[in-house]
Amino acid sequence: MATLKDKAAIVGIGSTAFARRLPESEKTLACRAVLAALDDAGIAPAEVDGFASYTMEETDEVELAKAVGAGDVTFFSKVGYGGGGSCATVAHLAAAVATGQASVGVAWRSRKRGSGPRPWTNTTAQLPTPAQWTRPFGLLRPADEIGMLARRYMHEYGATRDHFFNVALACRNRANQNPAAMMYDRPLTREMYMTARWISEPLCLFDNCLETDGALACVIVSAERARDCRHRPVHVHSAAQGLPAQHHGMVNYWNDDPLTGPAWTAARHLWKQADFGPEDVHVAQIYDAFTPLIPLSLEGYGFCGRGEGAAFTEGGALEIGGRLPLNTAGGGLSEAYVHGFNLINEGVRQLRGTSTAQVPDARTCLVTAGEGVPTSALLLRS
């Protein structure tokens, strides 16, 4: 069976600053991130012939290609479902490069979520069909939908707020090591967590991701060309997308088990194509828009059994030196929330050996996209 295994590599990464409010437009931020990634790779903008981003991206390929000075573009794609599409942007470009549809691909995400409007506040647009089954009944925001899943998880498997705190603390500790993180100089304590205001019970303020202005990008080329770029190449070893049968975004109403989300579908395909398994992953960048997504994802991607994700977080398991060091730049909870793209770039830094919270001798990394929506994942290796 033909696969993408190690046929393409990430050779450049770039980002803007992260803040609650940046003055630049999303297009300007996108251009800066892309140019930074190309400079990191040592590749001229005129060589770019492939693009991939999210359907929610406001800057289209036409405007971006003109602004950065790309050449003739022969491949472009966009992936839906918000943060569920992050890893798929890289996967699409890896496939394009491996099959000769493009030679230099750029994936990016630019977003002004910090200073911009909250998507669910638009009352003029007709609700899509899935939302007609949730929003009229009080599930207005993603936090409300994940809050409901979190409550069920707590009820069925005995998870507690202390388990969610373990996730928030691990991400904050890594952000405290990362000068680029929005929460760099803001430590988190258990008392702060337990006394924080509710956002959607049982989720408090620190169970929710940040609201961020910023942009990120990465550059993908063939494994052969990657050997001649500026940095140690990070190979796309395996990639997958996942949309389970009878899925209903965020809430999984129609599934036999609502807690078995898209991660389970993506994981089966991801590991099937890989030369190693969960026990061989040295570091993970797991999508963390909300803390409960971490134990759910740990189960879905096979790091522990069903219902064991909460207990997995105990004893410093997610810290450097633990069972699975997690979100080592701070993740969406404490570095920045740009629909998960910062997790991709941090995975690259770990395998280059340049992270601010470096895992010793890291050679394999799992990166995941948003759980609860149609999702995607990458296995990276150096």
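Is Glu 346 buried or exposed? At 1% relative accessibility, Glu 346 counts as buried. The views below come from a predicted model.

**View 1. Arg 349 and Glu 346 pair within helix H12.** Their side chains form a salt bridge, 2.8 Å from N to O. Both residues belong to helix H12, residues 341–352. They sit three residues apart, about one turn of the helix. Glu 346 is buried at 1% relative accessibility, whereas Arg 349 is partly exposed at 21%.

**View 2. A salt bridge joins Glu 319 to Arg 174.** The N to O distance is 2.5 Å. This pair links distant parts of the chain, 145 residues apart. Glu 319 lies in the loop between helix H10 (309–312) and helix H11 (331–334). Arg 174 lies in helix H5, residues 161–175. Glu 319 is buried, with a relative accessible area of 17%. Arg 174 is buried too, with a value of 8%.

**View 3. Arg 32 forms a salt bridge with Glu 24.** The closest N and O atoms are 2.8 Å apart. Arg 32 is partly exposed, with a relative accessible area of 46%. Glu 24 is also partly exposed, at 21%.

**View 4. Lys 5, Asp 6, Asp 275 and Arg 381 form a salt-bridge network.** Side chains of opposite charge can pair when their charged atoms come close. Here four residues are linked in a network of salt bridges. A search of the whole structure finds 20 salt bridges.

**View 5. Leu 378 belongs to the largest nonpolar core.** This core holds 71 residues. Ile 10, Cys 218, Ile 220, Leu 378 and Leu 380 touch the most other members. Helix H3, residues 86–98, supplies the largest share, seven residues. Beyond its neighbours within four places in sequence, Leu 378 contacts residues including Cys 87, Val 90 and Ala 91. Its other contacts include Val 236, Ser 238, Ala 239 and Leu 270. Cys 365, Leu 366 and Val 367 are also in contact with Leu 378. A second, separate core has 28 residues, among them Ala 267, Leu 326, Ala 377 and Leu 379.

**View 6. Tyr 153 and Tyr 157 form a tilted aromatic pair.** A search of the whole structure finds six aromatic pairs. In this one, the ring centres are 5.6 Å apart and the planes are at 50°. Both residues lie in helix H4, residues 142–157. They are four residues apart, so about one helical turn separates them. Tyr 153 is buried at 1% relative accessible area, whereas Tyr 157 is partly exposed at 32%.

**View 7. Tyr 287 and Tyr 337 meet edge-to-face.** The ring centres are 6.1 Å apart. The pair counts as edge-to-face because the planes are at 75°, and the cut-off is over 60 degrees. Tyr 287 lies in the loop between strand S9 (283–285) and helix H9 (293–300). Tyr 337 lies in the loop between H11 and H12. The pair therefore ties together parts that are 50 residues apart in sequence. Tyr 287 and Tyr 337 are both buried.

**View 8. Trp 133, Tyr 253 and Trp 254 form one aromatic cluster.** A further ring, that of Tyr 54, has a charge over it. The charged end of Arg 109 sits 5.1 Å from the centre of the Tyr 54 ring.

Methods. Residues numbered from 1 in each chain as written. Predicted model: local features only at pLDDT ≥ 70, side-chain atom pairs only at ≥ 80, totals over all residues. Heavy atoms only, no water. Buried < 20%, exposed > 50% of the residue type's maximum accessible area, 1.4 Å probe, protein only. Helix = DSSP H or I, 4+ residues; strand = E, 2+ residues; numbered from the N terminus. Core = buried A, V, L, I, M, F, W, Y, C linked by side-chain atoms within 4.5 Å. Contact = heavy atoms within 4.5 Å. Phe/Tyr/Trp six-rings, centres within 6.5 Å; stacked < 30°, edge-to-face > 60°. Lys NZ or Arg CZ within 6 Å of the ring centre and 35° of its normal.
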